[in-house]
Every structure is written in C-alpha cells, then in structure tokens.
Amino acid sequence: MEHLYFHIPWCRQKCGYCSFFSQVNFDFNLYYQKAKNVLGKFPEFKPKTVYFGGGTPSLLSPERLQKLLALVDLESVQELTIECNPADITAEYARYLKRLGFNRVSLGTQSFLDKELKFLGRRASSHQNILAFDCLRKAGFANISCDLIYGLPRQTLSDLRASIDELLALKPEHISTYLLSLEQGVPLFAEKKNLPEDEVLASFYREIGQKLPRAGYLQYELSNFCLPHCQSQHNLAYWQGKQYLAVGDGGCSYYKSGGAFFRTDGHGEFEELDQKQLESEFIFLHLRLTRGLLLSEYREKFGKDFLREYERILAKLADFLIVDKKRVALREDAYFVADAIMAEFVQV
C-alpha cells in the first residue's frame, strides 16, 4: 500500500445533499486511539499520498492535525491533501496548514451564487469562498482544488456559467465537478422532483466540458479537470485500482493480503473480493479515466485478453467507445452516459 486516507466524520451541520457518514458530536480522543490502533498494524507503511477527507477535516485544530500526522511515517509522502470548508479558513489557519506539511488543499466552494449555497446548506458565502482561496494562496499553497456542484433544482445555464466564471477567475490548479444527487434520507430529498431534466443536465455537462478546457484545464477523469501535471495523485490511485488504507468510521480500505484482495470499512468489518468483483471494479474505475482502460494492465492483472473477453459488448457499444491495440476508452460525447455504458460490462 502506498496511499492513506483519514476520514474525519465531523461536521458542524449536515449539508442538505450530503449522504456521507458524519456526525456533529465528535470524540477526537476516541478517533485518535482507533487511528493509532489501525496504523499500528502496519509498522512499515510509508505512504506516498495522504488525504484528509470528510466530513469537515478543517474543523480540526492544528494541534489535532499534528497529532494525527505524527502517527504516520511521512518520509515518502509526495502529496498531502486536506479538504477544507471555506468558512473555516483564516489567514492564520492557512499558514498553520502549510507549516504542518500540507501541500494540497481541496476547497469545498461548490457554487459562487449565494442563493445556491444557501439552498445546499453550506456555511460559506460566495465572498467567503474567494477570501478562503486568497488566504491559501497567500500562505503559499500552489496546488488548490475547488469543487463545483451542478444540476440544482431550478438552476439555469446562466447560473452555472456565472459560477464557472468566478471559479476560473481564481485559477485553481484543479477543479472537481459533481452532479447533484439527492439520495433518500438526505434533508433535501423532497427536492428530487425539482431536479433538471436529463437534457438540461447534459447541456450543463457539455458547458463544463467545453469551458474548462478552453481555459487550459485537462479533463483526465469524468468529473475532474486540472492544469498540466496537477492531477490528484491520491484519487488517481483509487481509479487505477491501487491499494490504500483508510482510517476512521466511514472510510474504506482496499488491500491485498495472502494472495487475496479485501475491502474493509472504518469499523473493521471486511469482505474478501472475488475475481468477478475485482474485474468489474477494474473496468468501471479505469473507464472513468479519459485515457481509458489499458489492455496491457488488464492482461497483467487478470491473465485474459479484454478485446476477446468482451467482444460482444464492445461491438454493441462501438458508437460510444474508442478501441485500439492499446486501450479502450469512452468517446467524449459518451462521458455523460458513462454509468449506463459501464453497466453493460458489469452485467456480463
């Protein structure tokens, strides 16, 4: 394993759309002890990437962050990321993050329209989004990612363009875009009936896919764009099927032990993955990358010829795929319907 994820399941309040595990009452001492126990089982672990996600990791004080980082051998770390709510970022806090060794921040801007931020239940305003970004820049952060949510009820194309323009004016190194999904149980679930029609959502996705590249951003994954050489190394590890360890309730680990692959949750429950599960996940995750699935990597992992194994499905999906001697990838105009395409492979 070369990748470590700290899930910090702590939020001041639950955003109306969020289905991730989080809690308002957070016992740091208990969390720390559990993290120490988990990491203690891997004494030789020297991760290349460490990612603090949540929840809201920026609610942790510098002292608590430092205590957690002390549990990890950071000698080989190349990318150390923390997700931050813009409402938590002050000039002082940004400088502390830099001193602790963080070299990448994922900033949850989500929108630059106050009406949308209020609807989503975000703590920060559009002005705070900009101030937080400025604080991070002044603290010396040269690798900042910003989030953008689209497909809100009653959202118009002009609304989306306004947020994109504000975001591009900041010039972050990385942009993650998310289509709003309202799952049963989230506070805003009743608004599901007001979500835009698929044709409108497709036009939003096209707008993002055209405007960001024109501004110099490369689309390297279905929902992720970056300036050259600024991909999220940690998230790439997920999409490339690499092993990773997760700490904290709500986190998920994936690793190989004794010739078998396992997935564990933050509570210590685990399942052994069979070959069919491994193969389905490999296809699904690799096809999310714009480079596609490399045939040599599939052959090395599963000992089979992908083109022969999935010949019938590849023929059926010929209009949506790029297929050559090296890879299978989605055509650009098929990105928005990627889930339906991938499901064809998983059902085999």
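Biologist: Where is Lys 171 placed?

Modeller: In this predicted model, Lys 171 sits in the loop between α6 and β6, the latter being residues 174-179.

Biologist: Is Lys 171 buried or exposed?

Modeller: Lys 171 counts as exposed, because its relative accessibility is 58%. Its backbone also deserves a remark: phi of Lys 171 is near 60 degrees, a positive value in a residue other than glycine.

Biologist: And what is phi for His 229?

Modeller: His 229 is not a glycine, yet its phi is positive, at about 70 degrees. His 229 belongs to the loop between β8 (224-226) and α8 (233-239). With a relative accessible area of 76%, His 229 is exposed.

Biologist: Staying with the backbone, which residues are joined by a cis peptide bond?

Modeller: Gly 54 and Gly 55 are joined by one, with omega about 15 degrees. Gly 55 is in the loop between β2 (49-54) and α2.

Biologist: Let us turn to α6. At what angle do α6 and α7 pack?

Modeller: Helix α6 covers residues 157-170 and helix α7 covers residues 198-214; the angle between them is about 25 degrees, and their axes are 11 Å apart. An angle under 35 degrees counts as roughly parallel, so α6 is roughly parallel to α7.

Biologist: What is the handedness of the crossing?

Modeller: The crossing of α6 past α7 is right-handed.

Biologist: Which residues make the contact?

Modeller: From α6 there are Leu 157, Leu 160, Arg 161, Ile 164, Asp 165 and Leu 168. From α7 there are Ser 203, Phe 204, Glu 207, Ile 208, Lys 211 and Leu 212.

Biologist: How many of those are nonpolar, polar and charged?

Modeller: The contact of α6 with α7 has 7 nonpolar residues, 1 polar and 4 charged.

Biologist: Take Leu 68. What is Leu 68 in contact with?

Modeller: Neighbours within four places in sequence aside, Leu 68 is in contact with Phe 6, Ile 8, Phe 28, Tyr 31, Tyr 32, Ala 35, Phe 52 and Leu 60.

Biologist: What about Glu 63: buried or exposed?

Modeller: Glu 63 is exposed, with a relative accessible area of 52%. Glu 63 is placed in helix α2, which comprises residues 62-69. Between the C-alpha atoms of Glu 63 and Leu 100 the distance is 9.6 Å, although 37 residues separate the two in sequence.

Biologist: Last one: where is Gly 40?

Modeller: Gly 40 is in helix α1, residues 28-40. At 53% relative accessibility, Gly 40 counts as exposed. Gly 40 and Gln 13 are 27 residues apart in sequence, and their C-alpha atoms are 32 Å apart.

Conventions. Residues are numbered from 1 along each chain as its sequence is written. This is a predicted model: local features need pLDDT of at least 70, side-chain atom pairs count only at pLDDT 80 or more; totals for chains, interfaces and linings use all residues. Side-chain values use heavy atoms; hydrogens and water are left out. Axes are lines fitted to C-alpha atoms, for helices over the stretch in contact, and angles run from 0 to 180 degrees between N-to-C directions. Helices (H or I, at least four residues) and strands (E, at least two) are DSSP runs, numbered from the N terminus. Angles under 35 degrees count as roughly parallel, over 145 as roughly antiparallel, 65 to 115 as roughly perpendicular and the rest as oblique. A crossing is left-handed if the near helix is turned anticlockwise from the far one by less than a right angle, and right-handed if clockwise. Contact means heavy atoms within 4.5 Å. Ala, Val, Leu, Ile, Met, Phe, Trp, Tyr, Cys and Pro count as nonpolar, Asp, Glu, Lys and Arg as charged, and the others, Gly among them, as polar. Buried means under 20% relative accessible area, exposed over 50%, partly exposed in between (1.4 Å probe, protein chains only).
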